[in-house]
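Visitor: Hello! I would like to learn how to read the inside of a protein model. Could you walk me through one?

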Amino acid sequence: MTIAVQKLTLKEYLAYEDGTGHRYELVDGELVQMPLGTGKHSDISDFLTDEFRDEINRTELDWIAKAMKIGLQSPRGSRWETSRIPDVVVLPLEQWESMADREGFIPLNEPQPILVVEVVSPSTVAIDYRAKHSEYAVLDIPEYWIADPIEQKVTVCTLKDGAYSDQVFTGTQVITSQTFPGLNLTAEQVLRAKR
């Protein structure tokens, strides 16, 4: 027996509320519940958001870092729409302020974030390393971090000629970032979520 799944348009997704408080991504028109994630997942997201904010303030950039607050329309190759919600997003402050009276959502026709981060959970390994890796590259997001507490590594994906070049950091290796060249964090600090 086949169970029909109701597909949603992007407009329906943005207005969707089921009263459960759950967060969903939209993947090819289907709602995909985002797992709650472990405490470690939240700690890493919060830690990186705070570190990015500190660096933004130190360098006096007109940017802002937000954790799990902003959706991105994805250009997947299906006729159904997709929306992702990265764990951390860095974007221009002006763009964030433009969302004051609308959904925290960036459609394809708006400038994309400067940097996004995904923290890997057991249920998101393939999505974070494959699907989002290619989707974020197609969106021309200059830098994509994959913080992986399972494999104990941080992968920094830097956009070059429409594709990501990945650099893996482990242990006490200092992470290099084109977006935040003055950031002085090791992979271990990120994965422990402690300075």
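Visitor: Which residues touch the most other members of the largest nonpolar core?

Guide: A word on the model before that. It is predicted, so local features need pLDDT of at least 70 and side-chain atom pairs count only at pLDDT 80 or more, while totals for chains, interfaces and linings use all residues. Residues are numbered from 1 along each chain as its sequence is written, and side-chain values use heavy atoms, with hydrogens and water left out. A nonpolar core is a set of buried Ala, Val, Leu, Ile, Met, Phe, Trp, Tyr and Cys residues joined through side-chain atoms within 4.5 Å. Buried means under 20% relative accessible area, exposed over 50%, and partly exposed in between (1.4 Å probe, protein chains only). Here the largest core has 25 residues, and Leu 48, Phe 52, Trp 145 and Val 190 touch the most other members.

Visitor: Which element gives the most to this core?

Guide: Helices (H or I, at least four residues) and strands (E, at least two) are DSSP runs, numbered from the N terminus. Elements that each supply at least two core residues include α2 (39-59), β9 (143-148) and β10 (153-160). The most comes from α2, with five residues. There is also a second, separate core of 17 residues, and Tyr 144 is one of its members.

Visitor: How many aromatic pairs are there in the whole structure?

Guide: A pair of aromatic rings is described by the distance of the centres and the angle of the planes. Rings of Phe, Tyr and Trp (its six-membered ring) pair if their centres lie within 6.5 Å; planes under 30 degrees apart count as stacked, over 60 as edge-to-face and the rest as tilted. A search of the whole structure gives six pairs.

Visitor: Why is the pair of Tyr 144 and Tyr 164 tilted?

Guide: Their ring centres are 6.1 Å apart and their planes stand at 45°, so the pair is tilted. Tyr 144 lies in strand β9 and Tyr 164 in strand β11 (residues 163-169), so the pair ties together parts 20 residues apart in sequence. Tyr 144 is buried at 0% relative accessible area, and Tyr 164 is buried at 11%.

Visitor: Which residues do ring pairs link into a cluster?

Guide: That cluster holds Phe 52, Trp 63, Trp 145 and Phe 180. You have met Phe 52 and Trp 145 already, in the largest core.
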